[in-house]
Amino acid sequence: MRSLHFSRPVRAAWRLGAVLAAGFALAACVTPPPRTVVVAAPPPPPPQKIYVYPNNGQGPEQTDRDRYECHVWAVQQTGVDPSLPNGNPYARVVVQPATPPGANTAAGAVTGAVLGSIIAGPWHSGAGFVLGAATGAIVGSAVDANAQAQAKQTQQQINEAQAAGRAQADAYRGAMGACLQGRGYTVR
(Lines give C-alpha, C1' and ligand atoms only; values in the text may rest on other atoms or scores of the structure.)
Protein backbone atom coordinates (compact mmCIF):
# COMPACT_ATOMS: atom_id res chain seq x y z
CA MET A 1 0.00 0.00 0.00
CA ARG A 2 0.98 3.47 -0.65
CA SER A 3 1.05 5.94 2.27
CA LEU A 4 -0.21 9.47 1.94
CA HIS A 5 2.21 12.28 2.60
CA PHE A 6 0.88 15.73 3.17
CA SER A 7 2.80 18.96 3.01
CA ARG A 8 3.60 20.93 6.16
CA PRO A 9 0.84 23.53 5.67
CA VAL A 10 -1.77 20.81 5.24
CA ARG A 11 -0.61 19.00 8.40
CA ALA A 12 -0.67 22.30 10.28
CA ALA A 13 -4.19 22.96 9.10
CA TRP A 14 -5.26 19.49 10.24
CA ARG A 15 -3.73 20.01 13.70
CA LEU A 16 -5.35 23.41 14.03
CA GLY A 17 -8.67 21.93 12.97
CA ALA A 18 -8.31 19.15 15.54
CA VAL A 19 -7.53 21.66 18.30
CA LEU A 20 -10.49 23.83 17.31
CA ALA A 21 -12.80 20.80 17.22
CA ALA A 22 -11.63 19.75 20.68
CA GLY A 23 -12.11 23.29 21.94
CA PHE A 24 -15.65 23.49 20.61
CA ALA A 25 -16.43 20.07 22.07
CA LEU A 26 -15.17 21.18 25.48
CA ALA A 27 -17.02 24.49 25.24
CA ALA A 28 -20.25 22.64 24.52
CA CYS A 29 -19.88 20.78 27.82
CA VAL A 30 -19.75 23.96 29.89
CA THR A 31 -23.03 25.06 31.42
CA PRO A 32 -23.62 28.70 32.29
CA PRO A 33 -23.37 29.51 35.99
CA PRO A 34 -26.60 29.94 37.92
CA ARG A 35 -27.76 33.48 38.49
CA THR A 36 -27.70 35.18 41.86
CA VAL A 37 -30.70 33.93 43.78
CA VAL A 38 -32.34 35.90 46.53
CA VAL A 39 -34.51 33.66 48.62
CA ALA A 40 -37.00 35.12 51.05
CA ALA A 41 -37.12 32.83 54.03
CA PRO A 42 -40.47 32.09 55.62
CA PRO A 43 -41.34 34.84 58.06
CA PRO A 44 -40.48 34.21 61.69
CA PRO A 45 -43.25 34.19 64.25
CA PRO A 46 -44.76 37.63 64.77
CA PRO A 47 -43.27 39.80 67.50
CA GLN A 48 -44.66 39.23 70.95
CA LYS A 49 -47.92 41.01 71.61
CA ILE A 50 -48.23 43.47 74.44
CA TYR A 51 -50.84 42.30 76.93
CA VAL A 52 -52.36 45.03 79.03
CA TYR A 53 -54.34 44.58 82.24
CA PRO A 54 -56.02 47.58 83.87
CA ASN A 55 -54.97 47.80 87.56
CA ASN A 56 -57.13 50.78 88.50
CA GLY A 57 -60.49 49.67 87.06
CA GLN A 58 -60.08 51.42 83.71
CA GLY A 59 -62.87 50.53 81.28
CA PRO A 60 -62.44 49.28 77.71
CA GLU A 61 -62.84 52.77 76.24
CA GLN A 62 -60.23 54.25 78.59
CA THR A 63 -57.89 51.30 77.89
CA ASP A 64 -58.23 51.80 74.13
CA ARG A 65 -57.58 55.54 74.47
CA ASP A 66 -54.52 54.95 76.67
CA ARG A 67 -53.17 52.32 74.27
CA TYR A 68 -53.54 54.74 71.36
CA GLU A 69 -51.92 57.64 73.20
CA CYS A 70 -49.07 55.39 74.35
CA HIS A 71 -48.64 54.13 70.78
CA VAL A 72 -48.32 57.72 69.51
CA TRP A 73 -45.83 58.52 72.29
CA ALA A 74 -43.78 55.35 71.64
CA VAL A 75 -43.61 56.19 67.91
CA GLN A 76 -42.40 59.71 68.75
CA GLN A 77 -39.77 58.36 71.14
CA THR A 78 -38.41 55.54 68.96
CA GLY A 79 -39.24 56.51 65.39
CA VAL A 80 -40.74 53.04 64.87
CA ASP A 81 -44.36 52.64 63.78
CA PRO A 82 -45.34 48.97 63.57
CA SER A 83 -48.79 49.92 62.30
CA LEU A 84 -47.35 50.94 58.91
CA PRO A 85 -47.73 48.34 56.13
CA ASN A 86 -44.57 46.51 55.07
CA GLY A 87 -42.83 47.69 58.20
CA ASN A 88 -41.82 44.21 59.31
CA PRO A 89 -38.34 44.53 60.85
CA TYR A 90 -38.04 40.75 60.99
CA ALA A 91 -38.08 40.05 57.24
CA ARG A 92 -35.24 37.69 56.47
CA VAL A 93 -33.45 37.48 53.14
CA VAL A 94 -30.71 35.02 52.24
CA VAL A 95 -28.43 35.78 49.31
CA GLN A 96 -26.79 32.82 47.66
CA PRO A 97 -23.60 33.33 45.65
CA ALA A 98 -24.00 33.39 41.88
CA THR A 99 -21.71 30.42 41.25
CA PRO A 100 -20.66 27.54 43.41
CA PRO A 101 -17.06 27.72 44.63
CA GLY A 102 -14.62 26.48 42.02
CA ALA A 103 -16.87 26.86 38.97
CA ASN A 104 -15.02 29.89 37.63
CA THR A 105 -11.67 28.17 38.23
CA ALA A 106 -12.70 25.18 36.12
CA ALA A 107 -14.20 27.34 33.38
CA GLY A 108 -11.07 29.51 33.30
CA ALA A 109 -8.81 26.47 33.04
CA VAL A 110 -10.77 24.97 30.15
CA THR A 111 -11.01 28.25 28.28
CA GLY A 112 -7.34 29.06 28.88
CA ALA A 113 -6.24 25.62 27.71
CA VAL A 114 -8.15 25.90 24.45
CA LEU A 115 -6.99 29.45 23.77
CA GLY A 116 -3.40 28.66 24.74
CA SER A 117 -3.32 25.69 22.42
CA ILE A 118 -4.67 27.74 19.53
CA ILE A 119 -2.35 30.67 20.10
CA ALA A 120 0.75 28.48 20.48
CA GLY A 121 0.31 27.01 17.02
CA PRO A 122 0.50 23.44 15.85
CA TRP A 123 4.12 22.76 16.88
CA HIS A 124 3.78 24.05 20.44
CA SER A 125 0.12 23.34 21.12
CA GLY A 126 0.89 21.10 24.13
CA ALA A 127 2.88 23.78 25.92
CA GLY A 128 0.24 26.37 25.01
CA PHE A 129 -2.43 24.05 26.38
CA VAL A 130 -0.67 23.72 29.76
CA LEU A 131 0.24 27.40 30.09
CA GLY A 132 -3.23 28.50 29.02
CA ALA A 133 -4.88 26.13 31.48
CA ALA A 134 -2.71 27.39 34.34
CA THR A 135 -3.33 31.04 33.48
CA GLY A 136 -7.07 30.47 33.08
CA ALA A 137 -7.26 28.64 36.41
CA ILE A 138 -5.48 31.52 38.17
CA VAL A 139 -7.83 34.10 36.69
CA GLY A 140 -10.88 31.92 37.42
CA SER A 141 -9.88 31.41 41.04
CA ALA A 142 -9.51 35.16 41.48
CA VAL A 143 -13.04 35.61 40.10
CA ASP A 144 -14.29 32.87 42.46
CA ALA A 145 -12.70 34.53 45.48
CA ASN A 146 -14.20 37.90 44.55
CA ALA A 147 -17.70 36.45 44.08
CA GLN A 148 -17.57 34.65 47.42
CA ALA A 149 -16.33 37.79 49.21
CA GLN A 150 -19.15 39.86 47.73
CA ALA A 151 -21.75 37.28 48.75
CA LYS A 152 -20.36 37.20 52.28
CA GLN A 153 -20.41 41.00 52.52
CA THR A 154 -24.01 41.18 51.29
CA GLN A 155 -25.11 38.55 53.81
CA GLN A 156 -23.36 40.47 56.60
CA GLN A 157 -25.22 43.67 55.62
CA ILE A 158 -28.52 41.80 55.67
CA ASN A 159 -27.75 40.35 59.12
CA GLU A 160 -26.91 43.82 60.44
CA ALA A 161 -30.16 45.23 59.05
CA GLN A 162 -32.11 42.42 60.73
CA ALA A 163 -30.43 43.10 64.07
CA ALA A 164 -31.19 46.81 63.76
CA GLY A 165 -34.83 46.03 62.93
CA ARG A 166 -35.15 43.79 65.98
CA ALA A 167 -33.58 46.44 68.20
CA GLN A 168 -36.03 49.06 66.91
CA ALA A 169 -39.01 46.77 67.50
CA ASP A 170 -37.77 46.00 71.02
CA ALA A 171 -37.35 49.73 71.71
CA TYR A 172 -40.93 50.41 70.58
CA ARG A 173 -42.33 47.63 72.80
CA GLY A 174 -40.28 48.92 75.74
CA ALA A 175 -41.54 52.48 75.26
CA MET A 176 -45.12 51.30 74.88
CA GLY A 177 -44.86 49.20 78.03
CA ALA A 178 -43.32 52.06 80.05
CA CYS A 179 -46.10 54.41 79.01
CA LEU A 180 -48.86 51.96 79.86
CA GLN A 181 -47.31 51.09 83.22
CA GLY A 182 -47.14 54.79 84.01
CA ARG A 183 -50.89 55.01 83.38
CA GLY A 184 -51.71 52.21 85.81
CA TYR A 185 -51.64 49.03 83.71
CA THR A 186 -49.83 45.76 84.13
CA VAL A 187 -47.97 45.05 80.93
CA ARG A 188 -46.69 41.69 79.83
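Glutamate 69 is partly exposed, at 34% relative accessibility; buried means under 20% relative accessible area, exposed over 50%, and partly exposed in between (1.4 Å probe, protein chains only). The model is predicted: local features need pLDDT of at least 70, side-chain atom pairs count only at pLDDT 80 or more, and totals for chains, interfaces and linings use all residues. Residues are numbered from 1 along each chain as its sequence is written, and side-chain values use heavy atoms, leaving out hydrogens and water.

Glutamate 69 forms a salt bridge with arginine 183, with the closest N and O atoms 2.5 Å apart. Arginine 183 lies in the loop between H4 and E4 and glutamate 69 in helix H2, so this pair ties together parts 114 residues apart in sequence. A salt bridge is a side-chain nitrogen of Lys or Arg within 4 Å of a carboxyl oxygen of Asp or Glu. Helices (H or I, at least four residues) and strands (E, at least two) are DSSP runs, numbered from the N terminus.

## Aspartate 66

Arginine 183 also forms a salt bridge with aspartate 66, where the closest N and O atoms are 2.9 Å apart. Aspartate 66 sits in helix H2 (residues 60-78) and arginine 183 between helix H4 (125-182) and strand E4 (185-187), so the pair ties together parts 117 residues apart in sequence. Aspartate 66 is buried at 5%, whereas arginine 183 is partly exposed at 32%.

## A pair within helix H4

Arginine 173 forms a salt bridge with aspartate 170, the closest N and O atoms being 2.3 Å apart. The two are 3 residues apart in helix H4, about one helical turn.
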